[in-house]
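Me: I am new to reading protein structures. Please take me through this one by question and answer.

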Amino acid sequence: MPFTSTQIKTLVDVELSALQDTRVSSHIRGLLVEPVAILREWDYGTPGQTYHCWSVLNHPKSNTGIAYCEFGFGPRSPWGLVWLSGESNMSMGMDSAWFESFMDAYFESQASVDLPIWRVFKQDGDSYPGTPVTEESDWDSTWKEINRLRSADSKARYNCYHTIAGAKRHCQ
């Protein structure tokens with residue numbers, strides 16, 4: 001049986017209720033939209049095949065959002081990063097942009113880089129993400145520091161990560 005707008009909102013609310021960082025939950029709540037089903041092309045099926053995807057979060061600044069779709073990459077990975085507009089961008093996209101949870105999709109989205117929650121981690125051996133070597137900062141400053149450290153210490157591995165409880169996000 002297909003999902004309803006109310007059920008989609010409940011799925012998001014359940015994940016947000018587990019989030020302890022009010023900066024992140026407030027940011028997300030400010031970007032949530034009333035779930036609306038949008039027909040998106042499924043690039044991996046027969047030509048012209050489409051599925052209804054529920055838009056749940058819009059980030060107009062990047063023209064991207066988060067959608068829920070129980071078909072295509074769902075049900076295993078029902079939360080996807082999608083374009084909000086553009087004639088050639090309205091498909092469901094690639095599998096690498098679909099996630100098991102709403103929060104995983106959020107932390108991989110352009111929306112999450114709006115917040116100063118990013119840190120540089122130095123990875124030692126197999127430990128992941130490693131040891132934090134900076135305080136929280138904005139996305140661009142964190143990457144500037146990663147690049148500086150990688151240039152100064154090419155034998156070490158430096159990663160971008162956050163320390164938000166109950167969420168994943170890294171960029172290498």
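Me: What volume does the largest pocket have?
Reply: Keep in mind that this is a predicted model. The value is computed from its atoms. For the largest pocket, the volume is about 220 Å³.

Me: Which residues are the closest to the centre of the largest pocket?
Reply: The lining of this pocket has 15 residues.

Me: Which element gives the largest share of the lining of the largest pocket?
Reply: Two elements give two or more residues each: strand 3 and strand 4. The largest share is three residues. That share comes from strand 4.

Me: How many residues of the lining of the largest pocket are polar?
Reply: Sort the lining residues by type. Six are nonpolar and one is charged. The polar ones number eight.

Me: How many aromatic pairs does the structure hold, and what kind is the pair of Tyr-68 and Trp-79?
Reply: The structure holds 13 aromatic pairs. In the pair of Tyr-68 and Trp-79, the ring centres lie 4.7 Å apart and the planes are at 65°. Planes over 60 degrees apart count as edge-to-face. So the pair is edge-to-face.

Me: Which strands does the pair of Tyr-68 and Trp-79 link?
Reply: The two residues are 11 residues apart in the chain. Both are buried. Tyr-68 sits in strand 3 (residues 64-68), and Trp-79 sits in strand 4 (residues 79-83). The pair links strand 3 and strand 4.

Me: Which residues do ring pairs link into a cluster?
Reply: Look for rings joined pair by pair. The cluster made this way holds Trp-42, Tyr-44, Tyr-51, Phe-71, Phe-73 and Trp-98.

Me: Is Trp-118 buried or exposed?
Reply: Trp-118 lies in strand 6 (residues 118-123). Its relative accessibility is 0%. Buried means under 20%. Therefore Trp-118 counts as buried.

Me: How many Å apart in space are Trp-118 and Trp-139?
Reply: In sequence, Trp-118 and Trp-139 are 21 residues apart. In space, C-alpha to C-alpha, the distance between them is 6.0 Å.

Definitions and conventions: Residues numbered from 1 in each chain as written. Predicted model: local features only at pLDDT ≥ 70, side-chain atom pairs only at ≥ 80, totals over all residues. Heavy atoms only, no water. Phe/Tyr/Trp six-rings, centres within 6.5 Å; stacked < 30°, edge-to-face > 60°. Helix = DSSP H or I, 4+ residues; strand = E, 2+ residues; numbered from the N terminus. Buried < 20%, exposed > 50% of the residue type's maximum accessible area, 1.4 Å probe, protein only. 1 Å grid on protein atoms, 1.4 Å probe; cavity = no way out; pocket = protein on both sides within 12 Å on 5 of 7 lines; lining within 4 Å. Points joined across faces, edges and corners; volume = space filled by probe spheres on them. Nonpolar A, V, L, I, M, F, W, Y, C, P; charged D, E, K, R; others polar.
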